[in-house]
Amino acid sequence: MKPHLAVLFVLLTILCAGSSTASDQFDRYFKNETCRFDVIHSGTKGAEQFALDNIYAEGPWPGSVNGLRDSLNLGEYRFSIIDAASGAEIYSRGYSTIFNEWQTTDEAIHGTVRAFEESIRFPMPLKKVRIEFYRRDKRMVFNKLFETAFDPSDVGIVREAGKPGVRVVPIVENGAPQQKVDIVVLGDGYTEKEMDQYLADVRHFSDQLFSAEPFKSHKKDFNVRAVCLPSDESGIDQPDRHIWKRTALGTTYNTFGSARYVLTTENKSLRSAAALAPYDFITVLINTPRYGGGGIFQLYATCYARPESQETAWYSDYVYVHEFGHSFGGLGDEYYTSDVPYNDFLQAGIEPWEPNVASDVSRDKLKWRDLVDASTPLPTDWHKQTYDSLATALRTLPRNAADYGKKRRALLEEQDRFLNEHPLKNVVGAFEGAGYASKGLYRPAVNCRMFSKSLIDFDPVCSRAIVRMIDLYTR
């Protein structure tokens, strides 16, 4: 054999072996079935515990058979599946929870104890495993909190069939679930008579997601399916307005006392509905005109679907993509001038795990330093005081003034001009003001979908984080 052909043969042999290794490992440890492991996560500020709730088998495994172990180092928590016989880690994922967000609220700080339903999902093991749960400490190092044994031959595993008669409608189809990122869209507060409207909303918001980069360039890597699960009543709970509805998923405004924060704590209802379709990620459309939404990494994203007016219709388009940035990419909020229900959710001096928020901006330590030009100063001056003065003027504008609407629009337009015409708008640097903190935390760009209420694309650092997540589920 000629030398160059011998080299080519060796390279091809290595590539073929590498491509089969991950699949072989999946077949060695798992079968093509999804395991949903439910726990009760309870505690208060500074204290938490886990208790096993139930275990479900949920049909074929929709995830990648290659990206079994999570290499992205995202999330407040991490779980590992350990083969009992060999001690090898065979699956892992980082994730965040409603519980860890709640721990930063006044209610938890004052000592209230609460419990939340949670689920982790992984391919069904062939043999006995150990499941380990970890959480980060203040140095962002994972420490084990809880572990439990799991035997996949346990006759107590729930194998209930899905709800009969519930339609699952494909919205975007690009291939088999194990080779794609699979999004399942659920609706809450849509009655049976509103199902056509629900499907129209799903198509609209899917179009919005895939019109924003980097999702636009990676649309071929996604499948989107809509589950048509009707609610008894139209709309969802709004406690501050004394509005209560019987809905399929139990979503509600006023989460943690924040008027616009929409979550559900009815995890079993959510997961049972989502399992009617192959899924990796969940989004929930809520049938109300009131501004609101939410997103938690590897849990779900919510967004209101019925804008109050044509003038503000694009607000919900912004919210849908922004919240999906949280739940899919693990992205942190980059804004800092809005009220939030948290106390020191991200803290200056502690390097956060979120890929787009930084505390250490020294040139050799900044987490996105490879994307920063050598000529760009760190930290990067962006005339923050000008932006802050506009934010202050907006916040203190008297709402009862006759010309409130006119003045507010003028200030918002001036704020948009400041960001859109900024001389550093295409520069990656370290811009102070991020993670709800005006000082001590930094974001990668002057503007981004995670910073301002706008239809701007994700900045280069956020985009890279999103693409890495896509790769984990498709490569």
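The chain holds nine helices and 15 strands. Its radius of gyration is 23 Å, close to the 23 Å that the globule rule gives for 475 residues, so the chain is as compact as a globular protein of that length. The model is a predicted one.

**Confidence**

Mean pLDDT for the chain is 93. A value of 70 or more is reached by 93% of the residues. Residues 1–20 fall below 50. Beyond near neighbours in sequence, that stretch has two contacts in the model. Where pLDDT is low, the predicted coordinates should not be read in detail.

**Overall build**

| Property of the chain | Value |
|---|---|
| Buried share of the 475 residues | 54% |
| Accessible surface | about 21300 Å² |
| Carbon and sulfur share of that surface | 51% |
| Distance between mean positions of positive and negative charges | 2 Å |

Take contacts between residues at least 6 apart in sequence. Of these, 68% join residues at least 24 apart. On the charge side, the chain carries 56 positive and 63 negative charges.

**A closer look at Tyr335**

Tyr335 sits in a loop. That loop runs between α6 (313–329) and α7 (384–395). Is Tyr335 buried or exposed? Its relative accessible area is 16%, under the 20% cut-off, so Tyr335 counts as buried. Tyr335 and Leu285 lie 50 residues apart in sequence. In space, their C-alpha atoms are 23 Å apart.

How values were computed. Residues numbered from 1 in each chain as written. Predicted model: local features only at pLDDT ≥ 70, side-chain atom pairs only at ≥ 80, totals over all residues. Heavy atoms only, no water. Helix = DSSP H or I, 4+ residues; strand = E, 2+ residues; numbered from the N terminus. Rg over C-alpha atoms; globule rule 2.2 N^0.38 Å. Buried < 20%, exposed > 50% of the residue type's maximum accessible area, 1.4 Å probe, protein only. Contact = heavy atoms within 4.5 Å. Areas by Shrake-Rupley, 256 points an atom, 1.4 Å probe, with all protein chains shown as cover. Lys, Arg positive; Asp, Glu negative; His and termini not counted. Charge placed at Lys NZ, Arg CZ, Asp CG, Glu CD. pLDDT = per-residue confidence, 0-100.
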